[in-house]
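Let's take a walk through a protein model and look at how some of its charged side chains pair up. Keep the 3D view open and follow along.

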Amino acid sequence: MALPWFLRAALEDRRNFVRLEVLHLDDELRTRVAVSPAKLETLDLSRTIVDDPHALETIVTYIAETGMDEKTGNLDARWGLIFTNLEGQRVFSLYLDKFGKRAAADGYELNLHDGERIVDWLKARSGESNIRAS
């Protein structure tokens, strides 16, 4: 399955991704309504910085290899991935539900067909030394 055009274009510039801020809202936290990507960024939650080039390449590769298609729906965002360039400017954002099944990327809503791998990688790497929690 091909990547949507907007995602393909963003990932073509992956060499500009030098830093990743990972936002994580506890999977078990119950909310009255689904958490939108914009709301996720305003909450007091776990924030982790990834600046290791190998780790960045791995997560970007996982995103590029994930089957997805554009489909509106109700995303309850639990993970936020904000990629920035050398100047600290945001160049790409991806938000995922706790299962890796639904996502939003730069304003587009998506169904993921094998996004669990991305969430598993994020969970596994949260305690590594090349990833710093803030």
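Start with Glu-116 and Lys-101, whose side chains come together in a salt bridge, 2.4 Å from N to O. This is a predicted model, by the way. The two partners tie together distant parts of the chain, sitting 15 residues apart. Glu-116 belongs to helix H4 (residues 116-125), while Lys-101 lies in the loop between S5 and strand S6 (102-105). So how open are they? Glu-116 has 27% relative accessibility, so it counts as partly exposed. Lys-101 is partly exposed too, with a relative accessible area of 40%.

Now hop over to Arg-90 and Glu-41, another pair joined by a salt bridge, this time at 2.8 Å, N to O. Here again distant parts of the chain are linked: Arg-90 is in strand S5 (residues 90-96) and Glu-41 is in helix H2 (residues 37-42), 49 residues apart. Arg-90 counts as partly exposed because its relative accessibility is 43%. Glu-41, at 26%, also counts as partly exposed.

One more stop: Arg-102 and Glu-109. Their side chains meet in a salt bridge at 3.7 Å, N to O. Is Arg-102 buried or exposed? Its relative accessible area is 12%, and the cut-off for buried is under 20%, so Arg-102 is buried.

Methods. Residues numbered from 1 in each chain as written. Predicted model: local features only at pLDDT ≥ 70, side-chain atom pairs only at ≥ 80, totals over all residues. Heavy atoms only, no water. Salt bridge = Lys/Arg side-chain N within 4 Å of Asp/Glu carboxyl O. Helix = DSSP H or I, 4+ residues; strand = E, 2+ residues; numbered from the N terminus. Buried < 20%, exposed > 50% of the residue type's maximum accessible area, 1.4 Å probe, protein only.
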